[in-house]
Amino acid sequence: MVRPTPAPSKASIPARNIASRVAWQIVGSIALILGLAGAVLPILPTTPFVILAAFAFGRGAPAVQVWLERHALFGPIIADWQANGAIAPKYKAIALVAMVFSVALSFAIAVPPVVVAVQVICIMGAALFILSRPSRGP
């Protein structure tokens, strides 16, 4: 009869490993909160934050990663990314519209031109990345 190996006690897990897991959990939590906010706010994209959250939770809380991968809304986004580095056209369009909206909002509330310029440069980089990703798997 084979006995299962007992899980290591918290006392035997190195402090560095615990700190690393906590750090990844914090990153995953922040990314997930931003992704959830992006699901309802037009100025914040959901997809990159959900992908980042799944990655971070994979390092710090695998059970949460599995929950995200099985989630009805977030699961397909993560699966497309993991399988093919793909972002569905629907999510590309949402992200691009949100980017344009955020720049327009900056103009509307009279954000200083230097800040808008930096924002536009960053958004252009993000938009180029999003548009360079495949829309579907091979």
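Which residues in H6 are buried? Here are my notes, with that one picked up in point 3.

1. First, the ground rules. This is a predicted model, where local features need pLDDT of at least 70, side-chain atom pairs count only at pLDDT 80 or more, and totals for chains, interfaces and linings use all residues. Residues are numbered from 1 along each chain as its sequence is written, and side-chain values use heavy atoms, with hydrogens and water left out. As for pLDDT, that's the predictor's confidence in each residue, from 0 to 100. The chain averages 84, and 86% of its residues reach 70 or more. Confidence is lowest in helix H4 (residues 74-84), with a mean of 87, and highest in helix H3 (residues 62-70), at 93.

2. Now the overall layout. You'll find six helices and zero strands, giving the pattern α-α-α-α-α-α along the sequence. (Helices, H or I with at least four residues, and strands, E with at least two, are DSSP runs numbered from the N terminus.) Of the chain's 138 residues, 28% count as buried. Buried means under 20% relative accessible area, exposed over 50%, and partly exposed in between, using a 1.4 Å probe and protein chains only.

3. Back to H6 (residues 113-132). The buried residues there are Val116, Gln119, Ile123, Ala127 and Ile130. They sit on the same side of H6 because they cover an arc of only 70° around the axis; the arc is that of the directions from the helix axis to the C-beta atoms. An α-helix has 3.6 residues a turn, so residues three or four places apart point the same way. Turned away from the buried side of H6 is a face with the exposed residues Val114, Ile121, Cys122 and Leu128.

4. Ala110 isn't a glycine, yet its phi is positive, about 60°. With a relative accessible area of 62%, Ala110 is exposed.

5. Next, Leu73, in the loop between H3 and H4. Its relative accessibility is 40%, so Leu73 counts as partly exposed. Leu73 and Ala39 are 34 residues apart in sequence, and their C-alpha atoms are 9.8 Å apart in space.

6. Finally, Ile26 in helix H1 (residues 15-40). Ile26 counts as partly exposed because its relative accessibility is 48%.
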